[in-house]
Amino acid sequence: MRERKVIAPEELRAQEEICGRIMERVTADGQRPLAMVDTYGCQQNEADSEKLRGYLALMGYGFTQDEFQADVIVVNTCAVREHAEMRVLGNVGALNHSKKAKSGQIVCVCGCMVQQQHMADKLKHSYPVVDLVFGPHELWRFPELLEQVQTRHKRVFATAPSDGAVAEGIPVRRDGQVKAWLSIMYGCNNVCTYCIVPYVRGRERSRLPGDILREARELVAAGYKDITLLGQNVNSYGKDLPEPVDFADLIRMVNDIPGDFRIRFMTSHPKDATEKLFRAMAECEKCCHQLHLPVQSGSDEILKRMNRGYDSAKYLRQVALARQYMPDLVLTTDIIVGFPGETEEQFSDTLRLCEQVRYDAMFTFIYSKRVGTPAASMPDPYTREEKQKHFDALTALANRISLEKHAAYEGQVVRVLIDGETGRDEYNLSSRTDGGRLVHLKGDPSLVGRFADVKITASSTWALYGEIV
Ligand code: SAH
Ligand code: SF4
Ligand code: F3S
């Protein structure tokens, strides 16, 4: 077993002391400085941004969404597809305007995108607006890095290659009061040939069950009702820990915490989702019967070239087993269209698999070439137009099935958690079923954060509509 690298508690205390020093400096004039954190990418990044805000709050910053008001701007980036990177670069470039208007404004860019050397170089040479660049491995020492920029008045770049470590005790400032992200592990040890995540997020590292449970208990005590356990592949949780514990065990431990809340998780890799996991999901009353099981492709040849570690038959067996344990399972997936060399025939295998499984929702992406990944050097003869055609066909299929599945809810009574206001008159509240389906409702705003039984009266491709019973 590889050694699990942990950031020492003293080092984290030192960061908190730096926060105190920054607070004295930036509030010396009696004014409250403001920070803006802009997040791209997955839930893991959302969770990281909550830590960045935790640190910023400790430094005395308030928060704004207006870049012209912000004294510190942090852009937390994603590298998973080119489109995400283009959006980041465009928006970072546009910060020239706010920086000119707001004297002393500090612009920080962090997250997955900058952990790629070519992107860090690009920011260094072509984006002088950026003062601080740091990768996911350096997040725990954000205060130290920011202080360097503030006191030395020079640009700082911290993106050295790293396998990553586990840092416990970073302050967290969560966005909502109903739903919470809870990271249980970091990094990824798989090598899906298209994917940049393992290169930028490092090796798989699990948090200790004790640390996870402590955080979960705090969340429940603080009134959170919906906890999502996060990891790139939760099925390999615990493999790097000295004690024998796996993800199914962890679900049972979280489920044993007293309180009225529910548990979700993502993402579960099909190669190692187990019967033990499905049994735990079925037996734990707080665990939602919701499974995000990304298939990526329905073609065995493409799955092999993606290095996914399963074929379509194994995937379908897992789906059948999961549904055997949980007949009401809500199943979602991710699919990549236009993987290098994907033929018409191989694409129709994907359509067939989706027809067979009938997902409640599908997240579909056109393949995006990522520098340094194995797939980037595979021959990719098909044009963007051909891929777009397949993408449109798959989206149409996904929408049709979602619409049919949603229509089947009409007339049923389902339990939902009311999670926020929509700002609209007719359906002023939003909520989620145990399976994670969006339900719009009408009701008193004081119901936010409560569970309710709702009769579904109408449906669309994207949402359900109901009345509280
Ligand atoms: N760890 C998760 C996925 C994280 S990335 C898992 O293994 O399921 C989220 C999704 O982005 C992936 O499931 C995949 O469908 C998509 N994706 C990843 N790399 C991509 C690429 N290079 N091009 C297009 N889509 C990609
Ligand atoms: Fe990427 Fe595969 Fe890891 Fe998911 S499991 S993050 S797709 S390498
Ligand atoms: Fe997530 Fe994007 Fe990084 S999907 S792990 S933020 S590359």
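The side chain of Arg205 reaches the backbone oxygen of Arg201 at 2.4 Å, a polar contact being a pair of N or O atoms within 3.5 Å, of which, within protein, one must be able to donate a hydrogen and the other to accept it, with residues adjacent in sequence counted only if both atoms are side-chain atoms. The model is predicted, so that local features need pLDDT of at least 70 and side-chain atom pairs count only at pLDDT 80 or more, while totals for chains, interfaces and linings use all residues. Residues are numbered from 1 along each chain as its sequence is written, chains are lettered from A and ligands numbered from 1 in the order in which they are written, and side-chain values use heavy atoms, with hydrogens and water left out.

Arg205 is placed in strand 9 (residues 205-206); strands (E, at least two residues) and helices (H or I, at least four) are DSSP runs numbered from the N terminus. Arg205 counts as buried because its relative accessibility is 7%, where buried means under 20% relative accessible area, exposed over 50% and partly exposed in between (1.4 Å probe, protein chains only). Residues up to four places away in sequence aside, Arg205 touches His137, Asp163, Gly164, Ala165, Val166, Met185, Tyr186, Gly187 and Asp240, contact meaning heavy atoms within 4.5 Å. Between the C-alpha atoms of Arg205 and Arg4, which are 201 residues apart along the chain, the separation is 7.0 Å.

Asn233 is found in the loop between strand 10 (226-230) and helix 8 (247-255). With a relative accessibility of 1%, Asn233 also counts as buried. Its contacts, leaving aside neighbours within four places in sequence, are Met185, Asn190, Thr267, Ser268, His269, Lys271 and Asp272.

Arg174 occupies the loop between strand 6 (156-158) and strand 7 (179-183). Beyond neighbours within four places in sequence, Arg174 is in contact with Glu50, Ala180, Trp181, Glu215, Leu219 and Tyr224.

In helix 4 (residues 117-126), the buried residues are Met119, Ala120 and Leu123. Seen down the helix axis, these residues fall within an arc of 105° and therefore line one face of helix 4, the arc being that of the directions from the helix axis to the C-beta atoms. Their cover includes helix 3 (82-101), strand 4 (106-111), strand 5 (132-134) and strand 6.

Ligand 1 is surrounded by 15 residues, of which the closest are Arg81, Gln232, Gln296, Asp334 and Ser368; a residue is near a molecule if one of its heavy atoms lies within 4 Å of it. The shell divides into seven nonpolar, four polar and four charged residues, with Ala, Val, Leu, Ile, Met, Phe, Trp, Tyr, Cys and Pro counted as nonpolar, Asp, Glu, Lys and Arg as charged, and the others, Gly among them, as polar. Strand 13 (330-337) and strand 14 (361-366) each supply at least two residues of this shell. A nitrogen atom of ligand 1 lies 2.8 Å from an N or O atom in the side chain of Gln232, and a nitrogen atom of the ligand is 2.8 Å from a backbone N or O atom of Ser368. Taken alone, ligand 1 exposes 540 Å², of which the protein buries 90% (Shrake-Rupley method, 1.4 Å probe).
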